[in-house]
Amino acid sequence: EGVYRYSVDNLSGIIDRAIKNKIPMLALFPNTNIKLKDNKGSEALNENNLVSKAIIKIKSKYKNKIGIMCDVALDPYTSHGHDGLLQNKYVLNDETIKILLDQSLLQAQMGCDVLAPSDMMDGRILKIRKALDKENFKNVQILSYAAKYASSFYGPFREAVGSAVNLGKASKKTYQMNFANLDEALHETAMDIEEGADIVMVKPGTAYLDVVHAIKSEFQIPTFVYQVSGEYSMLKSSIETVSYTHLTLPTILLV
């Protein structure tokens with residue numbers, strides 16, 4: 001409900017709308033052909049993959065009119081649907097980070113303005129920041145998914161990027177967070193800030209406003225909320241349902 005995929009040659013329409021509505025940045029997520037997926041997510045490092053092509057096209061046409069944020073994770077590219085390398089049903093932290101570093105540098109080279117590691121591997125922010133600085137990408141910012149919860153709200157997105165089928169009934173609970181553990185959210189956020197994150201993010205949003213408040217109060221750092229596909233679909237469906245009854249609702253913009 002309300003979640004769509006766009007081919008690279010059809011991006012202009014949505015970008016024009018974003019610029020018209022003064023939206024400063026867009027986030028890119030690829031729907032990778034299943035034939036290009038493997039257990040290592042190798043397509044993430046292909047300089048001609050969908051994300052790379054999209055960045056080049058947008059930067060070429062729009063210059064600095066709109067920013068680009070790129071997801072740093074392997075789940076759109078892996079045959080098993082997880083965010084990193086998998087062994088005995090567990091995602092390998094350090095081995096995954098090595099690939100994420102190359103993915104980050106490729107996206108920066110293509111012209112990405114903000115890298116957004118969503119993988120939830122421990123220690124990846126520091127290593128990505130060091131790698132970017134070493135290659136003179138000092139102005140590329142890092143938006144860290146600092147508190148990303150294991151959630152059913154991701155359903156429409158996983159279907160859109162084609163990872164739902166690959167993931168099946170498997171869980172990401174070994175590396176995404178337990179919704180009942182606020183202390184872990186603060187600990188993970190503190191680590192990411194110390195490692196060099198410019199912005200931190202809580203995902204999903206609606207159900208975790210207490211976490212957003214706690215992080216902002218504790219650290220006073222730019223704190224974003226990702227209102228994910230399941231949340232968006234629920235809101236859109238509710239609005240449409242209410243509109244059919246001829247009721248008028250106030251418009252609320254969450255920023």
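Helices and strands here are DSSP runs, with helices at least four residues long and strands at least two, numbered from the N terminus. Everything below comes from a predicted model.

View A. Let's start with His-80, which is found in the loop between strand 2 (67-72) and strand 3 (86-87). Buried or exposed? At 14% relative accessibility, His-80 counts as buried. A polar atom of its side chain lies 3.1 Å from the backbone oxygen of Asn-39. The backbone nitrogen of His-82 also lies 3.1 Å from a polar atom of the His-80 side chain. Lys-37 is 43 residues away from His-80 along the chain, yet their C-alpha atoms are separated by 8.7 Å.

**View B. Phe-29 meets Tyr-226.** Rings pair here if their centres lie within 6.5 Å, and by this rule the count comes to three aromatic pairs. In one of them, the rings of Phe-29 and Tyr-226 have centres 6.4 Å apart and planes at 50 degrees, so this pair is tilted. Phe-29 sits in the loop between strand 1 (25-28) and helix 2 (50-62), while Tyr-226 sits in the loop between strand 8 (223-225) and helix 9 (229-244), so the pair ties together parts that are 197 residues apart in sequence. With a relative accessible area of 25%, Phe-29 is partly exposed.

**View C. Tyr-149 stacked with Tyr-208.** The ring centres of Tyr-149 and Tyr-208 are 4.1 Å apart and the planes are at 0 degrees, so the pair is stacked. Look for Tyr-149 in the loop between strand 6 (141-148) and helix 5 (155-160), and for Tyr-208 in the loop between strand 7 (199-203) and helix 8 (209-219); the pair ties together parts that are 59 residues apart in sequence. Both Tyr-149 and Tyr-208 are buried.

**View D. The ring cluster and a lysine.** Back to Tyr-226: ring pairs link it with Phe-29 and Tyr-145 into a cluster. Over the ring of Tyr-226 sits the charged end of Lys-203, 4.3 Å from the ring centre.

**View E. Inside the nonpolar cores.** The largest nonpolar core has 52 residues, and those with the most contacts inside it are Ile-58 and Leu-132. Helix 3 (residues 93-110) gives the most to this core, with eight residues. What does Leu-132 touch, not counting residues up to four places away in sequence? Its contacts are Ser-104, Leu-105, Ala-108, Leu-115, Phe-137, Lys-138, Val-140 and Ile-142. There's also a second, separate core of nine residues, with Met-69, Val-114, Met-201 and Val-228 among them.

Note on methods
Residues are numbered from 1 along each chain as its sequence is written. This is a predicted model: local features need pLDDT of at least 70, side-chain atom pairs count only at pLDDT 80 or more; totals for chains, interfaces and linings use all residues. Side-chain values use heavy atoms; hydrogens and water are left out. Rings of Phe, Tyr and Trp (its six-membered ring) pair if their centres lie within 6.5 Å; planes under 30 degrees apart count as stacked, over 60 as edge-to-face and the rest as tilted. Buried means under 20% relative accessible area, exposed over 50%, partly exposed in between (1.4 Å probe, protein chains only). A charge sits over a ring if NZ of Lys or CZ of Arg is within 6 Å of the ring centre and within 35 degrees of the ring normal. A nonpolar core is a set of buried Ala, Val, Leu, Ile, Met, Phe, Trp, Tyr and Cys residues joined through side-chain atoms within 4.5 Å. Contact means heavy atoms within 4.5 Å. A polar contact is a pair of N or O atoms within 3.5 Å; within protein, one must be able to donate a hydrogen and the other to accept it, and residues adjacent in sequence count only if both atoms are side-chain atoms.
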